[in-house]
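These are my notebook entries on one structure. I went through it piece by piece and wrote down what I looked up.

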Amino acid sequence: MTATTDEIMTVAAARELRDGVLCFVGIGLPSAAANLARATHAPNCTLIYESGTIGAKPTRLPLSIGDGELADTADALVSVPEIFNYWLQAGRVDVGFLGAAQIDRFGNLNTTVVGDYADPKVRLPGAGGAPEIAASAKEVIMVLRHNTRAFVERLSFVTSVVKGPRVVLTDLGVLRPDETGELVLVAVHPNVTVEQAKAATGWDLRVAAEVAVTEPPTEKELSVLRALHAA
Amino acid sequence: MREISLAEAVAELVRDGDSVALEGFTHLIPVAAAHEIIRQRRRDLTLIRMTPDLIYDQLIGMGCARKLVFSWGGNPGVGSLHRFRDAIEHGYPHPLEIEEHSHAGMANRYVAGASGLPFAVLRGYLGTDLAKVTPTIRTVTCPFTGEELAAVPALNPDVAIVHAQQADRRGNVAFWGITGVQKEVVLAAKRALVTVEEIVDEIEPHHGQVVLPSIAVDAVVKAERGAYPSYAHGYYDRDNAFYREWDAISRDRDTFATWMREHVG
């Protein structure tokens with residue numbers, strides 16, 4: 001099986017999720033990665049969706065954060081105020097798993113507008129749960145496609161600020177912050193060059209002294225991911 | 001319980017210029033009631049809802065809204081809400097004032113509203129630009145620890161509308177599955193309308209069930225499949241295919257107008 005760049009990104013993101021953690025999951029790429037992790041190396045992680053489903057175990061990827069299967073398979077169902085106050089704000093969440101439209105060199109995220117807020121070029125959906133997930137989860141995994149529209153020198157709008165440890169997985173490689181908090185390219189995926197990653201970044205991307213190459217997805221990771229998508 | 005139709009209930013409870021919150025977090029979205037508001041040509045509404053979803057895309061596109069109070073305005077898992085975007089980006093069909101929060105902020109605003117408090121406190125919006133563009137995000141200092149926290153005012157809509165699975169003949173309402181902020185919005189609002197899948201002699205017990213006593217609501221109306229293309233747990237599934245189709249229907253102004261005329265009236 002030959003993996004697509006999106007599949008390599010999703011698999012790399014899934015591998016970041018340690019077994020046994022409590023993970024607050026955003027929809028889309030984060031949900032695919034978190035469920036892949038749960039179906040492979042992290043069977044004991046607990047997935048929370050902001051709809052109030054704790055311990056959801058979907059067999060197919062949900063389209064929304066509130067699909068019926070999330071409720072059917074959850075250990076507990078709680079209200080939206082409860083999920084944000086008692087679970088997220090109280091500090092119970094180990095890992096926040098987020099996507100975004102734009103990211104800056106420190107891993108701050110924009111999901112609100114492109115252009116001026118009062119007269120936007122593109123109106124994006126907005127904050128949703130992200131600002132509080134970014135600030136309250138003990139660590140944050142971010143996953144988004146790597147290009148100069150997404151990786152920008154200056155965000156049009158700061159929607160979410162990550163406070164703790166963070167890692168960014170893209171379709172080109174892996175970025176982790178240095179001691180100043182600035183993201184550094186630490187790995188590239190198979191057949192991707194450092195130059196490609198730099199060219200896809202809207203600022204002068206810093207590169208680690210030794211850049212690793214991501215292990216390609218295993219047959220098992222790929223087949224499980226495809227089954228989740230196909231179901 | 002009074003026998004009343006959805007048309008009568010909307011005519012009685014929803015007035016031009018009202019602030020109206022139709023809630024239901026992905027699940028149990030009160031679509032039938034939203035369509036009735038559109039058919040009755042309500043205008044200048046302040047629409048309040050955490051996730052505007054297809055129903056507010058439709059209300060905005062049909063010119064019912066003056067202002068939107070929200071926290072996430074997308075088509076979940078699909079992309080944009082095109083009528084919402086057209087209103088904000090191009091002022092079509094007319095300009096839309098927005099007041100935008102995070103989910104945690106909106107949820108706590110409803111809790112404060114239901115609790116009869118003037119505002120809610122949360123550890124939120126830290127470092128974000130949201131407070132710069134939304135005047136209803138302020139800070140407050142904890143008198144006990146000195147911690148600076150976000151403060152957001154209570155939401156007390158003129159009208160709350162929610163959809164539930166069952167009501168009994170006395171007007172007690174039960175919903176289960178993902179229950180969102182429905183209890184909070186009903187208790188925060190001045191008037192409350194509930195549509196239900198089914199009216200039963202005895203409400204069935206279910207895991208995670210929320211019951212609203214009849215005294216908390218002003219009208220209960222049967223609206224079978226009243227949440228479609230959202231879903232009612234135990235009755236019908238979310239029509240994810242339709243959520244995908246909505247992208248093309250809503251993208252073009254004329255296609256949208258034709259679809260609304262044919263399917264809503």
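Predicted model: local features only at pLDDT ≥ 70, side-chain atom pairs only at ≥ 80, totals over all residues.

Entry 1

Next I asked which residues cover the two faces of β5(A). V95(A) and F97(A) lie on one side, G96(A) and L98(A) on the other, and all four are buried.

I listed what F97(A) touches, leaving aside its neighbours within four places in sequence. Its contacts include A13(A), L17(A), C23(A), F24(A), V25(A) and G26(A). Also among them are P30(A), A33(A), A34(A), I141(A) and V143(A). The largest nonpolar core has 112 residues, and F97(A), L17(A) and Y110(B) touch the most other members of it. In soluble globular proteins, nonpolar side chains tend to be buried together.

Entry 1: helices of chain A.
How many residues of helix α2 (residues 29-39) of chain A are buried? I counted nine of 11, so by the under 20% cut-off for relative accessible area the helix is mostly covered. The buried residues of α2(A) include P30(A), A33(A) and A34(A), but also S31(A), N35(A) and R38(A). I looked up what these buried residues pack against: α1, β1 (22-25), β2 (46-49), β5 (95-98), β10 (139-143) and α7 of chain A.

I then took α1 (residues 5-15) and α7 (residues 219-230) of chain A, whose axes come within 11 Å and cross at roughly 105°. That angle falls in the range from 65 to 115 degrees, and therefore α1(A) and α7(A) are roughly perpendicular to each other. From α1(A), the contact is made by E7(A), T10(A), V11(A) and R15(A); from α7(A), by E221(A), L222(A), L225(A) and R226(A).

Entry 2: E23(B).
I found E23(B) in the loop between β1 (19-22) and α2 (31-39) of chain B. Is E23(B) buried or exposed? Its relative accessibility is 0%, so E23(B) counts as buried. The side chain of E23(B) makes a polar contact of 2.7 Å with that of Y110(B). Y110(B) had already come up in the largest nonpolar core. Leaving aside neighbours within four places in sequence, the contacts of E23(B) include R49(B), M50(B), I161(B) and Q182(B).

Entry 3: a sheet in chain B.
Last, I looked at an open sheet of three strands in chain B, ordered β7-β9-β8, with antiparallel pairing. β7 (119-122) and β8 (138-141) are the edge strands, each pairing on one side only. Direction ignored, neighbouring strands of the sheet are turned by 40° against each other on average. Between β7(B) and β9 (residues 148-153) of chain B I found four bridges. V121(B) has A151(B) in β9(B) as its bridge partner. Helix α5 (residues 103-115) of chain B packs on this sheet and touches β7 and β9. The direction of α5(B) makes about 140° with that of β7(B).

How values were computed:
Residues numbered from 1 in each chain as written. Chains lettered and ligands numbered in written order. Heavy atoms only, no water. Core = buried A, V, L, I, M, F, W, Y, C linked by side-chain atoms within 4.5 Å. Buried < 20%, exposed > 50% of the residue type's maximum accessible area, 1.4 Å probe, protein only. Contact = heavy atoms within 4.5 Å. Polar contact = N/O pair within 3.5 Å; in protein donor to acceptor, adjacent residues only side chain to side chain. Pairing = 2+ DSSP bridges. Axes fitted to C-alpha atoms, helices over the stretch in contact; angles between N-to-C directions. Parallel < 35°, antiparallel > 145°, perpendicular 65-115°, else oblique.
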